[in-house]
Protein chains: 4
Amino acid sequence: MTTIKDSVHDHIEIQGVAAALLDTPPVQRLRHISQLGTVTLVYPSANHTRFEHSLGVYHLADRALSHLGIEGQQAERVRAAALLHDVGHSPYSHNVEALIHRRTGKYHDDVDELLGDGPVARVLSEHGLNPDRVAGLVAGEGELGQLVSGELDVDRMDYLVRDAHHTGVPYGTIDHERLVRELCFVDGELVLDEGNVQTAESLLLARALMNPTVYQHHVARIAKSMLRRGTEELLAATDTTAEALRRWDDNDLLVALRQCDATEAYARRLSQRDLYKRAVWAEWGAVPDEILAADHEAVGAMEQAIADEANVDSDAVVLDIPPEPSMTESSSRVLVNGDVRRLGEQSTLVNAIRAAQRDQWRLGVYAPEDESERVGAAAIRELGLDLDGARVRDVRPGLHATLDEFN
Amino acid sequence: MTTIKDSVHDHIEIQGVAAALLDTPPVQRLRHISQLGTVTLVYPSANHTRFEHSLGVYHLADRALSHLGIEGQQAERVRAAALLHDVGHSPYSHNVEALIHRRTGKYHDDVDELLGDGPVARVLSEHGLNPDRVAGLVAGEGELGQLVSGELDVDRMDYLVRDAHHTGVPYGTIDHERLVRELCFVDGELVLDEGNVQTAESLLLARALMNPTVYQHHVARIAKSMLRRGTEELLAATDTTAEALRRWDDNDLLVALRQCDATEAYARRLSQRDLYKRAVWAEWGAVPDEILAADHEAVGAMEQAIADEANVDSDAVVLDIPPEPSMTESSSRVLVNGDVRRLGEQSTLVNAIRAAQRDQWRLGVYAPEDESERVGAAAIRELGLDLDGARVRDVRPGLHATLDEFN
Amino acid sequence: MTTIKDSVHDHIEIQGVAAALLDTPPVQRLRHISQLGTVTLVYPSANHTRFEHSLGVYHLADRALSHLGIEGQQAERVRAAALLHDVGHSPYSHNVEALIHRRTGKYHDDVDELLGDGPVARVLSEHGLNPDRVAGLVAGEGELGQLVSGELDVDRMDYLVRDAHHTGVPYGTIDHERLVRELCFVDGELVLDEGNVQTAESLLLARALMNPTVYQHHVARIAKSMLRRGTEELLAATDTTAEALRRWDDNDLLVALRQCDATEAYARRLSQRDLYKRAVWAEWGAVPDEILAADHEAVGAMEQAIADEANVDSDAVVLDIPPEPSMTESSSRVLVNGDVRRLGEQSTLVNAIRAAQRDQWRLGVYAPEDESERVGAAAIRELGLDLDGARVRDVRPGLHATLDEFN
Amino acid sequence: MTTIKDSVHDHIEIQGVAAALLDTPPVQRLRHISQLGTVTLVYPSANHTRFEHSLGVYHLADRALSHLGIEGQQAERVRAAALLHDVGHSPYSHNVEALIHRRTGKYHDDVDELLGDGPVARVLSEHGLNPDRVAGLVAGEGELGQLVSGELDVDRMDYLVRDAHHTGVPYGTIDHERLVRELCFVDGELVLDEGNVQTAESLLLARALMNPTVYQHHVARIAKSMLRRGTEELLAATDTTAEALRRWDDNDLLVALRQCDATEAYARRLSQRDLYKRAVWAEWGAVPDEILAADHEAVGAMEQAIADEANVDSDAVVLDIPPEPSMTESSSRVLVNGDVRRLGEQSTLVNAIRAAQRDQWRLGVYAPEDESERVGAAAIRELGLDLDGARVRDVRPGLHATLDEFN
């Protein structure tokens, strides 16, 4: 048995298939992929990695299995899936996910690493575990898959607490120990036991507070959009394929951006936190439906059109259209007086949080500081934004910016 | 200057009038009044006192004044008020407040201690401070009074963080440092500066989660009601006056209950955590309006009537009707794009939380375990509770009980 | 199974005999005995109790048993002993221990509560456990007794961490989780496994730092000595017996001191932190051997003699002679390259810490502030203290006082 | 004023020259240099950077200046020096320092960045600060230089607490707030005020415990030695100069090692934690003086000689000779009864700690696992190690290994 010291869960015991998986290159690669990507440009102490997060998810899965009384190969499969759940991540976490997905047709949680004849599949097989079934768990399939990837999964329990610990923002401090203890299965569904509506609510509230303060902080979003844009130009300018890029780690991507003439400026700006500024910052209601529905190609075309309209270099316009907010935890199930109920039915808070998330949504157009005025005006015309009121260029948004002064 | 080590705020510097006030008997008395009263029967590590809380409130007031740029006698008055804000508390904190109020016509935050010719008033005068004006600040009067007792006061900032620290329940971990930094005055009103709607929301959410989990936990409420009942009988059976009792500390009250024949059983049960159980636990909608409006005398009469109806000893019935939930923070003011707005207007979450608080409200009738069945049935009849459904005797309420197994 | 939330260990699971013991009056009584007694007069947030500490010791014992692979009745006995280890404590923890011992001939860890026909013995018997054997474990007898009361016991692991948490002094933050994991039995001795010399050292260092900063802080010692003196006078002035007093809790003792004319002044001073000051503060080398060897009666006689010599009221002199420092952890056993070695042999630090403890030792004579000069001079003559140098009245001792300004 | 959220010090306020320096490329570069280098291979959550550490040092310097009452340009210079103190660091922190020093004749704390005509010097000049004087402070010159780089400097206060926070090892939790408050100047020397011998001791003890557990953990040392060796071969195999390399960040160095044939194997082993093992692990007393005195060239020659003797590839032998332990804090000055004393004179613990550090010293020879036996035997012969006893190949050293099982 291996014991690893973790700054969040203290001691994590690793044994069985997990100990063997730990030494495989795909798992070790996660040491070099940051958990929060560009968020460190807002919260400088948020430098934690997918590796420590994966250990944490494994640990919570192990605790949950113990409370659920699940043992043997079934438990080994879940533990393996927990440790491996991020193994398909591209560099800089979610920041370049969408881009790679468009080019390869594969999401980060696809299971190539598990199914091929690589070291992970080999270790699984040596321990008598079917890689396909482990991949299914990672994808959230089956009863136990809900524990790894579902409304009440250990993934989000770990990341909320860990992100709070490393950013210093206290809002993510859920009672994960209680959550893990109160899980049970009723009719094949993972539910929280009696008396835990509030425990479930606290998970939603934590995410609702961490979202604008940390995950969607505008500075992190600007940097993330610049990184996405730079990576696109890297793929266009070099013979690097999206397939290859998704196996890189953060070091590889950053140095590649530095070494390529077409992207060197982005790399320098990202490395030195010399970021674009918000030229437009528009609420949900201000944005026409067809803009909301734009795919990646359409976004590129709009960026070019705005640049032309503003008469600036095409690199000087980055358009950022986040997806519509969703809140899967609202379908979390909780036992209430013996009945399984969805949290969305039971909790008065859930719909409020859902509405608040839409309030917080913003479309962004970003540009170098001295061109942002011109780019903003051009973007409003090109995108047909509803000019009614201050919303369109609301650079100090009430619900949104924390530590704004740091921009 | 005195420096005091605090487990929440680390080092607290005390100087000026506060250092002199610290040594007065009314402030030292707070060492012997627990912050959360009977909550320690649910959370055994919650043994913190009004004294350390008062130091914390003083500290946050001092920090806020420094950020607001307020100095001199004006600041000294606020610091004095912060340190003194709980000096009028009766023993066991809020648990016997209402009782004493009924008998003396005075609330805990009345200002007798400050206005009389006692040591506190003497120290204030020696430092050139008018006791009346300090008393006004404690009562929340004036611009700066809002800082001591208002929607965004330092009192609740300290108690949320401190109660979380000592109970171990993580929900109270607000970003108090940020709250203190972001306060400003606009047109004589204390408001949070731009970009802090969410900071204000987090304060409400913290209280919304701490409330049912900690402050209103049913075990704490049962014990609190038994303590209220025992204290009433103590006043009836002895020549102790309510005036005298409110100057006692926790030690005095507990020992007095032990030494009096009429109350010795309550004292034993409270000391040994051998508490009554819930005979009835009814939601807001199940309770007739006249019951909700009952005053202290009416409650006593109902307890007697239920006991008669159930044919049990009159000591065996304790009725607990909490006041209607309020949420003063919802009128907290926040700057949004240059305008002062009330949080209740700006935040989608606020109304949801208000509704959730009413969902969590419960009327309780408590009785010894082996009589609770009989008392419950009698209470439903006597109080005319609406018998529709499981709500009336919902002993495992979804939104409510945490750590239920500990009852 | 009962789960209790603890501010130090988070969730503590209680089951089996421990759950039944928890509800007995002798265990519940520990809720009303503070862990650190008068230390709260230095560190205002240190209001934790023997009850939460006992839960913590139970928890660590349970963890250690699990790592050691010990199960069944043997483990139940150890868990019971861990929960019960402080059940014989007198009020105000160690502060009045010595006094009661002198009068009753029994130490706090005597086992009256366990052996009699009280509720604890009854619960033990009902669970098939022999009270005598549990009492033996509490006294540290046998292999497993070392876990409850020995050089590496879970008692001190809990109190160091808990006292650090509640005082805010960081020095007690040992790696208790690691200590518990690394325990093993070799030839019937509890030892730390290979690679843990430093883990053992950290336990000693933590205590070496907490000792002068917290446990032996001069303000706590002054108050403790005044409490000891007041309790003696209470026993002399009333018909309370030492036997009865040792079953009291803190509330009982404090109120009794308030209600007795002979001790009311001590009670007021202790309640209001209006303490005596140091009249003499003398190092080990300055004190004659016969003074060091004085028993309780001799101390009383010396106090009287000093008072006579100084021409002050006899209540105005309190003499405090701490026992010679010991350091039992230095005989902790650690595996080094397969051999069991005593830490004292292996660690260069251990002897240094032993020497440092003697450096920190001080004899104290305390008196009301305006008489302390006169009392000090009288005490030096009466006790025959070696007048060489500043040591005798060293009121700002380098190795000793922390947060001195708070006196 | 900029406010930055930090996971250790909560909110850090940046203003004046520091705010301007923050945006310079040399300071932003520190975002990409890890604080603990290869230590993350032992403690996976230790991914913090020199950037957040520099902010922390700035913050503590600012607090100390405020307590010392130092203001104006003098304070600005110190704050600038604190923020800049690590700006000359080479990639991977101390891991490749010695190597670069040998090749460039410059230490990491040389002041090229400050003195040249780069952006840092420009910002300093614009704020009226002389770059030379700031450089002097970084080098510890003058009264105030002691605060930045001296026995009681804010650098080590920050790193102890920060490294504890991120590794999860509790031993570094000093009372840094108290240390900062108690600093004062006496006759031009920075000393700790009365009553702080123990505060000073705690700083030493923290480092004494963190050293073997974290900084000198054998796994971190193995990886560091492999990194040093790989970097040497990179410089030999490519036209990269040592001058250029020291301006790289961690990304640059790791990718360069991956891209160079001669070093690709080292890069892969380091990235995947597939490290060499200890072939020899020898105590101080076992090593001949001339080996201890070996310079970099001599080390290379010995590695080659051992490889030849063992008949293995020359890459398969890495020799690691740490410098003799020193303990500069032992000359820290503390006020004791009005006299300035050196801690080494005053504290019984200091000499013990010094001795313990030498006990913990180990020479290491590392090799791939399946060749380590052969390499070990060859190294003992070649280095002339004293074969007396188990010390030479003590792979489970008592005082040393923590979490050994993780190797």
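Over which residues of chain A does pLDDT stay under 50? That stretch is residues 389-407, for which the model still has 57 contacts beyond four places in sequence. Here pLDDT is the predictor's confidence in each residue, from 0 to 100, and two residues are in contact if their C-beta atoms, placed from the backbone, lie within 7 Å.

What you're looking at is a predicted model, where local features need pLDDT of at least 70, side-chain atom pairs count only at pLDDT 80 or more, and totals for chains, interfaces and linings use all residues. Residues are numbered from 1 along each chain as its sequence is written, while chains are lettered from A and ligands numbered from 1 in the order in which they are written. For chain A, the mean pLDDT is 87, with 89% of its residues at 70 or more. The complex gets an ipTM of 0.91 and a pTM of 0.91 from the predictor.

Now look at where chains A and D meet: 34 residues of chain A are in contact with 34 residues of chain D. On the chain A side, at least two residues each come from strand 1 (2-6), helix 2 (25-28), helix 3 (50-68), helix 10 (154-167) and helix 15 (250-259). Helices (H or I, at least four residues) and strands (E, at least two) are DSSP runs, numbered from the N terminus. Strand 1 of chain A gives the most to this side, with five residues.

Over in chain B, strand 1 (residues 2-6) and strand 2 (residues 10-14) run antiparallel, joined by five bridges. Strands count as paired if DSSP finds at least two bridges between them. One bridge partner to look up is B:His11 in strand 2, which goes with B:Lys5. A hairpin links the two strands of chain B through three residues.
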